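Open the model in your viewer and keep the selection tool at hand. The tour goes stop by stop, with something to select at each one.

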Amino acid sequence: MSDYDDEERPPAVEQDAQAEAHADSSSHEDLADKLNNEGDIAADYLEELLDIADIDGDIDISSEADRATVSVVWEDEEPNKRLQRLIGKKGEVLEALQELTRLAVQNETGERSRLMLDVMNYRANRRAEISELARELGRQVQETGEEVTLDPMNPFERKVVHDVAAELGLASESEGMGKDRHVVLALPDDGDDAEDDEILDSDILDGDED
């Protein structure tokens with residue numbers, strides 16, 4: 001809480017506050033411009049890919065937190081089986097396509113991209129499914145006090161589990177290597193912070209998912 005009312009604020013303090021607000025605004029605008037640029041580059045890359053593959057689909061660009069989000073969507077009621085191929089089994093093709101799209105963005109900007117790609121709401125639907133599962137298992141941990149090991153998941157899915165664990169006040173840790181990497185939920189020990197494990201997993205996600 002400020003020591004001054006607005007009318008009592010000394011000029012120097014007022015100038016500092018204005019400068020800080022301006023810096024925050026500029027930083028926010030710079031980030032927004034960066035994400036918009038990444039989204040535009042990714043959209044151009046994906047549109048060309050869809051044309052080459054002769055696959056129909058519309059592209060939406062948005063941003064989530066501090067990353068650009070690009071979605072290939074299909075509005076018709078009839079399923080688009082050709083577009084579904086860009087998802088693949090358990091989202092494996094989508095993961096590969098996202099990495100290629102990030103590389104295309106990096107080639108243009110010179111900076112590593114953390115862009116998120118979705119196709120036909122696969123990630124959105126999967127996020128909802130994983131969140132529900134994580135909450136159910138999290139409540140089980142809270143009731144029994146025993147840790148629970150989830151099935152192997154990709155980085156995106158593990159991040160969802162870590163987020164839910166943090167909401168529930170549980171400890172979460174990623175274990176295993178490669179395709180066997182999975183999340184373990186447990187009651188936090190004294191001094192444990194569930195978010196610590198999320199950060200550790202996010203280091204991996206920064207490179208390939210989140």
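Start at the hairpin of β5 and β6. Six residues lie between its two strands, and G176 takes a positive phi near 90° there. Keep in mind throughout that this is a predicted model.

**Stop 1: the hairpin strands**

Select β5, residues 171–175, together with β6. The two strands pair in the antiparallel sense, over five bridges. Now pick out single partners. E173 stands opposite V184 of β6. S172 has L185 in β6 as its bridge partner.

**Stop 2: the whole sheet**

Find V148 and look across to β6: L185 stands opposite.

In what order do the three strands of the open sheet lie? The order is β4-β6-β5, with antiparallel pairing. β4 and β5 stand at the edges with a single partner strand each, so one side of each has no neighbour in the sheet.

**Stop 3: the helices on the sheet**

Show α5, residues 155–168. This helix packs on the sheet and touches β5 and β6. Its direction makes about 10° with that of β6. Next show α4. This helix lies across β4 and β6, and runs at about 40° to β6.

**Stop 4: inside β6**

Select residues 182–186, which make up β6. How many of its five residues are buried? Five of the five are, so the strand counts as mostly covered. Turn on the side chains. H182, V184 and A186 point one way from β6, while V183 and L185 point the other way. All of these residues are buried.

**Stop 5: the largest nonpolar core**

Move to V72 and L117. Of the 20 residues in the largest nonpolar core, these two touch the most other members. Color the elements that give two or more residues to this core: α1 (11–53), β2 (67–73), α3 and β3. The largest share, six residues, comes from α1.

Which residues does V72 touch, leaving aside those up to four places away in sequence? They are L46, L50, G57, D58, I59, L83, L117, D118, V119 and M120.

A second, separate core has 16 residues. Among them are M116, V148, L150 and V183.

**Stop 6**

Most residues other than glycine have a negative phi. The last two selections go against that pattern.

Select K90 in the loop between α2 (81–84) and α3 (92–109). K90 is not a glycine, yet has a positive phi of about 55°. Is K90 buried or exposed? K90 counts as exposed because its relative accessibility is 64%, and exposed means over 50%.

Finish at N121, in the loop between β3 (116–119) and α4 (122–144). N121 is not a glycine either, and its phi is positive at about 60°. At 42% relative accessibility, N121 counts as partly exposed.

Note on methods: Residues are numbered from 1 along each chain as its sequence is written. This is a predicted model: local features need pLDDT of at least 70, side-chain atom pairs count only at pLDDT 80 or more; totals for chains, interfaces and linings use all residues. Side-chain values use heavy atoms; hydrogens and water are left out. Helices (H or I, at least four residues) and strands (E, at least two) are DSSP runs, numbered from the N terminus. Buried means under 20% relative accessible area, exposed over 50%, partly exposed in between (1.4 Å probe, protein chains only). A nonpolar core is a set of buried Ala, Val, Leu, Ile, Met, Phe, Trp, Tyr and Cys residues joined through side-chain atoms within 4.5 Å. Contact means heavy atoms within 4.5 Å. Two strands pair if DSSP finds at least two bridges between them. Axes are lines fitted to C-alpha atoms, for helices over the stretch in contact, and angles run from 0 to 180 degrees between N-to-C directions.
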